[in-house]
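Biologist: I would like to learn how to read a few features of a protein model. Please take me through them one at a time.

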Amino acid sequence: MILKPLAVGILSAAFLSTVSCFAQAPQKYHPTLESLDRHPLPQWYDGAKLGIFIHWGLYSVPGWAPINHPDHDFSSADYIRYNPYAEWYLNVLRVPGSPTAEYHKQHYGEQGYYDFAPTFNRESKKWNPDKMAAIFRDAGARYVVLTSKHHEGFTLWPSTTPNPTPSLKPSQLHAERDIVGELTTAVQNQGLKMGLYYSGGYDWTFNTGPIETDKDYDAVKPQSEAYGKYAFAQIHELIDRYHPAVLWNDIDWPKTGNALQVEADYYNAIPDGVIDDRFGIKHSDFTSPEYEKKDQISEKKWEECRGLGRSFGYNRAEGEKETIAPGELIALLVDIVSKNGNLLLDVGPEADGTIPPVQMERLKALGEWLKQNGEAIYDTTPWTKATGKSAEGDDLRFTKKGNDLYVTVLGKPKAQTITITDLPAKNGIAITQVGDNSDLGAKDQANGMRIALRGTPKGDYAYAFKLADYAR
Ligand code: GLC
């Protein structure tokens, strides 16, 4: 489900770089918007730029969703039947005659969805959390967010809050391994922050739906006292046991579950943690657009989430064609960062924790690119402008760190010079390609700054240049 795009505005660089330093953190947070809004955006999150999202659950066993729907339009009438999100398998299975219902009949006959639990448990025994965490580190991510409970209601930790659903056994509702705990340890051992996703708005063990049209999105949110208490208790289990650095709630929060109290309790337990904007109240550290692009710098910190393909959960039907190309992925990250965003890039592991090869390839390309060019990405702030074009036709993005300005060319430079008329000429500026220290010098600056390349620039996909002290 997609959120409405939020208002964006251009900000002065001065405001962007000072906002997090001047906000004063209170001693103790109270369950009011006024108190929560005093939470300063932590530097670690602002500077991290890349996180990895993991959607892993019972839906990873069938791991399937249709891929042939022509577009990704959430408002089209038959969107749900052709929902490309494989983690929605259970909902679409409940829609009579849907492609998922057909697929299920063919492959699993009369077997119920929660009967995937034993297979999930058997397969996930093969998973190696340290190996997975090392993959995310090598991809250049600085944080990870795991689905602790998706809409299906199955938890990846041994929750002790009883679920009142009469027809399901506890063994169908919880993973045998403490996946949340094991991954938290492994990720932290790699020096990354660990965050948790929780589906507060939907729990299909409480309200089975299904959602068939966009009119059902709200009706299917459980609002009973029992569910409010359940969600409140579960999210407190997560906070107390795992201290997540990101509390990433999805869809909404039950009115009976006291969102203000949850957020105050979270900040009091983890003062440098961050909260997304899907708790149904007007406080958040960042907004969470999904498969959306922004055309300007946003004053409010934002985090774009999307899968490498068109699904968050593993979809075995997806291949090369449905998966973002490495060059596009790198351009996307640079674009987001230039506009004050982070990218929360999703992987959908198979039931045994394997990341599909087509996704692995993208993670590798991204990691290699960041190894060379990370200086133009991590810990930067937006400059006064995010985008530009060179006189030679290159597509440019700007970022800034201290007094240094970074210009990234998306794709291979079109010529041996990159003339940036948007940048007033300044003399004596040292220009280097990021990750390669030989001084390129700036020549003939009558038309703005001109970078003169020597031979072929090092690397692939996108080329970052540093204009030392240009932004002073
Ligand atoms: C949506 C979807 C969901 C996905 C999430 C990620 O709300 O319902 O499947 O987990 O967004 O942003």
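Biologist: In which loop is Pro210 found?

Modeller: Helices (H or I, at least four residues) and strands (E, at least two) are DSSP runs, numbered from the N terminus. Pro210 is in the loop between β3 (193-199) and α9 (216-219). The peptide bond that joins Gly209 and Pro210 is cis, with omega about 5 degrees.

Biologist: What should I know about the numbering and the model?

Modeller: Residues are numbered from 1 along each chain as its sequence is written. This is a predicted model, where local features need pLDDT of at least 70, side-chain atom pairs count only at pLDDT 80 or more, and totals for chains, interfaces and linings use all residues; side-chain values use heavy atoms, with hydrogens and water left out.

Biologist: How many residues surround the ligand?

Modeller: A residue is near a molecule if one of its heavy atoms lies within 4 Å of it. Here 16 residues surround the ligand, and the closest are His55, Glu87, His150, His151 and Glu290.

Biologist: Which polar contacts can I look for?

Modeller: A polar contact is a pair of N or O atoms within 3.5 Å; within protein, one must be able to donate a hydrogen and the other to accept it, and residues adjacent in sequence count only if both atoms are side-chain atoms. A polar side-chain atom of Glu87 lies 2.6 Å from a ligand oxygen atom. For a side-chain N or O atom of His150, the distance to an oxygen atom of the ligand is 2.8 Å, and for one of Asp250 it is 3.0 Å.

Biologist: How much of the ligand does the protein bury?

Modeller: Accessible areas come from the Shrake-Rupley method with a 1.4 Å probe; for residues, only the protein chains shown count as cover. Taken alone, the ligand exposes 310 Å², and the protein buries 100% of that.

Biologist: What kinds of residue form the shell around the ligand?

Modeller: Ala, Val, Leu, Ile, Met, Phe, Trp, Tyr, Cys and Pro count as nonpolar, Asp, Glu, Lys and Arg as charged, and the others, Gly among them, as polar. The shell around the ligand has nine nonpolar, three polar and four charged residues.

Biologist: Where is His243, and what is its phi?

Modeller: His243 is in the loop between α10 (225-242) and β4 (246-250). Phi of His243 is near 45 degrees, a positive value in a residue other than glycine.
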